[in-house]
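Dear colleague,

Please read the notes with the structure open beside them.

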Amino acid sequence: MTVRVGVIGTGWIGREHIRRLTDTVTGVEVTAVTDIDAARAEDAAADVGARVFADGPELITADDVDAVLVTSWGPTHAEHVLGAIAAGKPVFCEKPLATTTEDCLRIVEAEMAHGRRLVQVGFMRRYDAGCRQLKHVIDSGRIGEALMVHCAHRNPTVPESYVSDMAALDTAVHEIDVLRWLLDDEIVSAQVVTPRSASKRFAHLTDPQIMLYETAKGVRIDLEVFVNCQYGYDIQCEVVGEEGLVRLPDPAAVGVRTAGQHSTALLTDWVGRFADAFDTEFREWIAGIAAGDAPIGPSAWDGYAATVISNATVEARQSGGVVGAGVKPRPAFYAGATPPSA
Ligand code: NAD
Ligand code: ISE
């Protein structure tokens with residue numbers, strides 16, 4: 001079976017995923033696209049021979065669309081995800097699931113009323129080989145119970161449109177999701193402390209930020225978000241347990257020895273750093289749809305939790321205090337399913 005996918009939003013990541021679904025993943029065809037910028041949609045459609053639709057609702061209900069990929073701006077995600085649920089079609093939504101708690105809960109309620117999972121959220125870290133190995137070691141008990149986690153999420157630069165809240169909503173949201181999954185635990189509070197600001201940043205931006213989280217089991221997490229670090233795209237994660245620690249590996253790169261130095265290149269953006277993870281994420285999503293299975297990747301509930309916790313992180317920075325996250329208890333409907341660890 002060839003799964004026919006319709007894509008809503010043909011910007012940066014939309015084009016990346018269209019290329020991936022066309023060139024890398026088998027058993028799938030991009031048959032439909034739409035974008036509020038018609039020229040962008042036409043351009044993306046011409047590349048792959050897809051039809052252009054006027055808007056999301058028209059694309060979602062089209063006969064030659066079996067599944068929907070939402071890669072538009074965050075505040076527009078909820079309407080498209082709700083539209084796909086109403087049409088009974090599987091929907092992959094890039095993060096965030098929605099920007100407000102209320103919209104996330106509307107999606108969760110609509111999906112539970114439908115009675116079967118349809119929604120997967122684009123938290124690709126769960127498909128990164130290194131993250132899966134981390135989970136495998138933590139789950140095996142080799143390092144004992146996790147006590148502390150030290151993380152860093154560094155981007156070389158960000159555009160002027162990137163504002164201080166985005167450090168939590170756009171950037172830290174990846175760690176928020178992957179740590180809930182790695183630790184099989186819930187984040188219960190957030191705090192943000194800010195060191196001296198980097199001089200190479202737009203003046204409106206608070207950068208870096210150090211986010212401090214506590215989980216229900218009492219694990220303490222420190223996360224440095226530094227989006228003007230200049231030197232590269234760098235993701236670090238070290239989980240310290242009672243009997244050892246486990247650390248995320250850096251991406252493989254050849255070592256070069258010359259002129260009295262030994263060096264390895266660093267990546268400079270998320271596209272390269274998580275290319276394999278995105279490929280695996282979509283291979284598994286498409287294979288599940290072709291097999292008629294409900295998705296087992298990050299769920300609408302995970303999307304809800306990530307939005308609640310990232311919003312609490314914003315409030316913590318603004319207030320300067322410790323803010324309770326207040327994630328509700330997970331309904332039984334969302335228990336169990338998760339991508340495998342290694
Ligand atoms: P972008 O601005 O490059 O592209 C978004 C596109 O959506 C634009 O072409 C815009 O015209 C279109 N659009 C907006 N509203 C629309 C609507 N209602 N209907 C149809 N089209 C609409 O942004 P981007 O960088 O590609 O980000 C898109 C989404 O992907 C965001 O939610 C972002 O957080 C997420 N993202 C995820 C990752 C990741 O690592 N997983 C990385 C980058 C972006
Ligand atoms: C971007 O939206 C992403 O999702 C990237 O993975 C992240 O590193 C970056 O900081 C965000 O802006």
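**Ligand surroundings and interior space**

Sorted by class, the residues that make up the shell around ligand 1 are nine nonpolar, 11 polar and five charged. Please bear in mind throughout that this is a predicted model, and that every value quoted here was computed from it.

The shell of ligand 1 holds 25 residues, of which Ile13, Asp35, Arg40, Trp73 and Lys95 are the closest. Three helices, α1 (12–23), α4 (77–87) and α7 (166–183), each contribute at least two residues to this shell. As for individual polar contacts, a nitrogen atom of ligand 1 lies 3.3 Å from a polar backbone atom of Ile36, while a nitrogen atom of the ligand is also found 3.4 Å from a polar side-chain atom of His80. On the oxygen side, an N or O atom in the side chain of His174 is 3.4 Å from an oxygen atom of ligand 1. Taken alone, ligand 1 would expose 850 Å², and the protein buries 86% of that area.

Turning to ligand 2, the residues around it are Lys95, His153, Asn155, Tyr162, Asp170, Thr171, His174, Tyr233 and Trp270, which divide into three nonpolar, four polar and two charged. Helix α7 provides the largest share of this shell, namely three residues. Oxygen atoms of ligand 2 take part in the contacts that follow: a polar side-chain atom of Lys95 lies 2.9 Å from an oxygen atom of the ligand, a polar side-chain atom of Asp170 likewise lies 2.9 Å from an oxygen atom of the ligand, and an N or O atom in the side chain of Thr171 is 2.7 Å from an oxygen atom of the ligand. On its own, ligand 2 has 300 Å² of accessible area, and the protein covers 85% of it.

With best regards

Definitions and conventions:
Residues numbered from 1 in each chain as written. Chains lettered and ligands numbered in written order. Predicted model: local features only at pLDDT ≥ 70, side-chain atom pairs only at ≥ 80, totals over all residues. Heavy atoms only, no water. Near = heavy atom within 4 Å. Polar contact = N/O pair within 3.5 Å; in protein donor to acceptor, adjacent residues only side chain to side chain. Areas by Shrake-Rupley, 256 points an atom, 1.4 Å probe, with all protein chains shown as cover. Helix = DSSP H or I, 4+ residues; strand = E, 2+ residues; numbered from the N terminus. Nonpolar A, V, L, I, M, F, W, Y, C, P; charged D, E, K, R; others polar.
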